[in-house]
Amino acid sequence: MSAVFSSDLNADLWDVYMFANLVVIQLSTSVCAALAWLPVAALQSRLTRDYSIRLMMEHDSVHRFLSAMVFAQSSNRQPAMTTLPNPPLPDTLARTLRMQETGKTDEGVALSDSSDTPIYDVRHPTYLGEWEKSVPYVHDGIAQDDLDEPHRKRAMYLLDKHPDVKELAGPEWKTKYITVATVSIQLALAYAFGAPDGYFRDAGWFPFLVCAYFVGGSITALFGVLIHECAHNLAFKANFPNRILGLIANVGLIVPIASSFRRYHLIHHAYQGVEGVDPDLPLGIELKLVRGNKFLKALWVFCFPVLYVARGAAMLKPPQKWEIINWIWTISTDLAVYHFCGGRGFFYLFLSLWFGYGLHPGAAHFIQEHYSFEDGQETYSYYGSGNIPYLNIGFHNEHHDHMSIPWSRLPLLRARAPEIYDTIPYHTSWCKVIYDFIMRDDIGPQSRVGRSEEAHKAGRATIAAARKLKRE
């Protein structure tokens, strides 16, 4: 089965239409958040009440949301919250162990006859799971799996079937030039808007905001992609120059994230979905407060820059050497930006960061990558025109399967293994990803899958057993 998440229109035309809608939503959300702040601050001491939380989940209108909180202030009624069940746990681990013990598949076919490559578990060969996705107001918490994430086993399957994919690994020389060019453009715009002799110094707030969203936000979203490439050492062969290039890309972000991203992102790859270990999983407070409320989902996307940082901070790990270096570097460059570009130029970089990591098509990959739109699939790729300016960041299944392949050669990996990448669900519109995430009732921040560390280890242990069975 191959499900393609796109509209009936041409995907690129749909993106143009939805991009205009996202701009309206972004501006509306900004205004609503500003208007709502004062009454929310006045009532925030009561937000922990069960009734007010329940009202937040049930109302989509900002007006009704605030009115409901005011009502909760004066009401003595506090109805109990209904306890929701957790998503069911599949039995794929037990079936895998039984398969390896008997040497036969569920259909009774001998493993030696069913495949010319090792069968690592019952999800072979796509390694899509059998878990049920978590639905807001139906389930409590994220979905649960009883095996390890699929990418390591699928990567080994691909190497067995297509050994030539090894040739695609290695750094991409163009990345360093793209990094320097985009940072220069962003700093030049900050100077033009904020410096006393800047070309756009007298521009009004409307063109300033438009440029910060369409140009600055788009470039800032690209900075995240470039930092991602450096985190995997895909700009240079050696580790040190990749770290330095990541710091250069960080200049346009005003927040020190390059080194922390590298640290936590590599943990995410190694322990994808492992609860308490994978820093990419949403925090419990995100799940409880947002659930399926459309307004709160839009606000969640709007505030994603803060959540992105909060998830790493919630791991409570002491900073490492390169993170301290990143802090010193970013504080120094921020002071330099403020000195040469003024407060307005610095504010331009701040808005660019907020827009580019929030309600922006260039940030849609944060949702596209691991939020489950179907049962059993925890990673999705995006195949659309947005991959051109954003360096194929949409090829996320391919990236997780083979992290040593740079952005420029990920489409070649897909082309060499169409039996995998063309048969599992994928997206074709980033704008529709955001639209569906906000508007669909069955998707929300809890649309992720988690696993215990024991399940992760048990799933990994089936690899050695499968290779042993194949040798025998």
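A residue counts as buried when its relative accessible area is under 20%, as exposed when that area is over 50%, and as partly exposed in between (1.4 Å probe, protein chains only). The model shown is predicted; local features need pLDDT of at least 70, side-chain atom pairs count only at pLDDT 80 or more, and totals for chains, interfaces and linings use all residues. Residues are numbered from 1 along each chain as its sequence is written, and side-chain values use heavy atoms, with hydrogens and water left out.

**View 1. The chain as a whole.** The secondary structure comprises 20 helices and five strands; helices (H or I, at least four residues) and strands (E, at least two) are DSSP runs numbered from the N terminus. Of the 472 residues, 55% are buried. The accessible surface of the chain is about 20,700 Å², and carbon and sulfur atoms account for 64% of that surface (Shrake-Rupley method, 1.4 Å probe). Among contacts (heavy atoms within 4.5 Å) between residues at least 6 apart in sequence, 78% link residues at least 24 apart.

**View 2. Gln368 and its surroundings.** Gln368 belongs to helix α15, residues 365-368. With a relative accessible area of 0%, Gln368 is buried. A polar atom of the Gln368 side chain lies 3.4 Å from the backbone oxygen of Gly394. Leaving aside residues up to four places away in sequence, Gln368 touches Tyr380, Ser381, Tyr382, Gly394, His396, His427, Trp430 and Val433.

**View 3. Helices α8 and α9.** Two packed helices are described by the angle between their axes and the distance between the axes. Axes are lines fitted to C-alpha atoms, for helices over the stretch in contact, and angles run from 0 to 180 degrees between N-to-C directions. The axes of α8 (residues 205-231) and α9 (residues 239-250) come within 8 Å and cross at roughly 170°. Helix α8 is therefore roughly antiparallel to α9 (an angle over 145 degrees). From α8, Phe223, Ile227 and Cys230 meet Asn242, Leu245, Gly246, Ala249 and Asn250 of α9. This contact has five nonpolar, three polar and no charged residues.

**View 4. Helices α12 and α13.** The axes of α12 (residues 294-302) and α13 (residues 304-313) come within 5 Å and cross at roughly 70°. The two helices, α12 and α13, are therefore roughly perpendicular to each other (65 to 115 degrees). Trp300, Val301 and Phe302 of α12 make the contact with Phe304, Pro305, Leu307 and Arg311 of α13. By class, the contact of α12 with α13 has six nonpolar, no polar and one charged residues.

Terms used:
Angles under 35 degrees count as roughly parallel, over 145 as roughly antiparallel, 65 to 115 as roughly perpendicular and the rest as oblique. Ala, Val, Leu, Ile, Met, Phe, Trp, Tyr, Cys and Pro count as nonpolar, Asp, Glu, Lys and Arg as charged, and the others, Gly among them, as polar. A polar contact is a pair of N or O atoms within 3.5 Å; within protein, one must be able to donate a hydrogen and the other to accept it, and residues adjacent in sequence count only if both atoms are side-chain atoms.
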